[in-house]
Every structure is written in structure tokens, then in C-alpha cells.
Amino acid sequence: MNPIAILAIAIVSEVFGSTMLKKSEGFKKLGASLGVVIGMGVAFYCLSLAIRTLPIGTVYAIWAGVGTALTTLVGVIVFKEHFNVKKFIGIVLIIGGVIALKLSTSGAY
């Protein structure tokens, strides 16, 4: 499987796991707690597969950055958390950093 696709699965799984972490209410709700374990388990497994062929620094930056941006959006959309200019700027800077790291690596993938 394409390592970028595997990384995308890792990101989506991590966002799912983080969302379930909020819904678990401190691991008091069994279904959501299982969602945390499954989501994070899949995320780390896929992350381990992605770093077999892609540079670890770039993979981790993309995983953490895109995951953070998506988790912020989930918080705003699903949990009705406040969204302001500072959060928007932060997301733009994260995405810019991820792009800069991707451009700095050599090799086609």
C-alpha cells in the first residue's frame, strides 16, 4: 500500500481516537474508551508502517500537524468549541510548517 495512504489512515485514526477520548469522559464510558484504544492503536500501527519508507521527521510532522488541525476542526464542529483568529493562524502556521518540511525532503513518494 502507498505510504502516503497509510499515513492518511494514521491521521484519521488519531483524530478519531482523540475525539473518542473527549467522549469517554475520563474513560468512564466503555464504548468511547474502546474507540480511544482502537483509534490510537490503528494510528500508531499505521505510523510505524509509514516510517518504514518515509523520513521519520516528515512523517511525524505531517501526522502531528494535520492531526492537530483536524482535531481542532472536530472540536469546533462537533463539540461547538470557540474558533477565533488565533486558532485560524495557528492552523495556517502548522500547515505551512508541514509543507516546508515536505518540500525540504528529497526523494519521490
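Is Trp63 buried or exposed? Trp63 counts as buried, because its relative accessibility is 8% and the limit for that class is under 20%. The model is predicted.

**α1 against α3**

- Helix α1 spans residues 3-23, and helix α3 spans residues 56-77.
- Their axes lie 9 Å apart, at an angle of about 40°.
- α1 and α3 are therefore oblique to each other.
- The crossing of α1 past α3 is right-handed.
- From α1, the contact draws on Leu7, Ala10, Ile11, Glu14, Val15, Ser18 and Thr19.
- From α3, the partners are Val59, Ile62, Trp63, Val66, Gly67, Leu70, Thr71 and Val74.
- By class, the residues of this contact are 10 nonpolar, four polar and one charged.
- The buried Trp63 is one of the α3 residues that meet α1.

**α1 against α2**

- Helix α2 covers residues 30-50.
- α1 and α2 pack with their axes 7 Å apart, at an angle of about 155°.
- α1 is thus roughly antiparallel to α2, because angles over 145 degrees fall in that class.
- α1 and α2 make a left-handed crossing.
- The residues of the α1 contact with α2 comprise 17 nonpolar, five polar and two charged.

**Aromatic residues**

- The count of aromatic pairs is two.
- One of them joins Tyr60 and Trp63.
- The ring centres of Tyr60 and Trp63 are 5.5 Å apart, with 50° between the planes.
- The Tyr60 and Trp63 pair is classed as tilted.
- Tyr60 and Trp63 both sit in α3.

**Phe79**

- Phe79 lies in the loop between α3 and α4, where α4 is residues 85-104.
- Phe79 counts as partly exposed, because its relative accessibility is 25%.
- In sequence, Phe79 and Thr19 are 60 residues apart.
- In space, the C-alpha atoms of Phe79 and Thr19 are 9.4 Å apart.
- Setting aside neighbours within four places in sequence, Phe79 contacts Thr19, Lys22, Lys23 and Val74.
- Thr19 and Val74 also belong to the contact between α1 and α3.

Terms used
Residues are numbered from 1 along each chain as its sequence is written. This is a predicted model: local features need pLDDT of at least 70, side-chain atom pairs count only at pLDDT 80 or more; totals for chains, interfaces and linings use all residues. Side-chain values use heavy atoms; hydrogens and water are left out. Axes are lines fitted to C-alpha atoms, for helices over the stretch in contact, and angles run from 0 to 180 degrees between N-to-C directions. Helices (H or I, at least four residues) and strands (E, at least two) are DSSP runs, numbered from the N terminus. Angles under 35 degrees count as roughly parallel, over 145 as roughly antiparallel, 65 to 115 as roughly perpendicular and the rest as oblique. A crossing is left-handed if the near helix is turned anticlockwise from the far one by less than a right angle, and right-handed if clockwise. Contact means heavy atoms within 4.5 Å. Ala, Val, Leu, Ile, Met, Phe, Trp, Tyr, Cys and Pro count as nonpolar, Asp, Glu, Lys and Arg as charged, and the others, Gly among them, as polar. Rings of Phe, Tyr and Trp (its six-membered ring) pair if their centres lie within 6.5 Å; planes under 30 degrees apart count as stacked, over 60 as edge-to-face and the rest as tilted. Buried means under 20% relative accessible area, exposed over 50%, partly exposed in between (1.4 Å probe, protein chains only).
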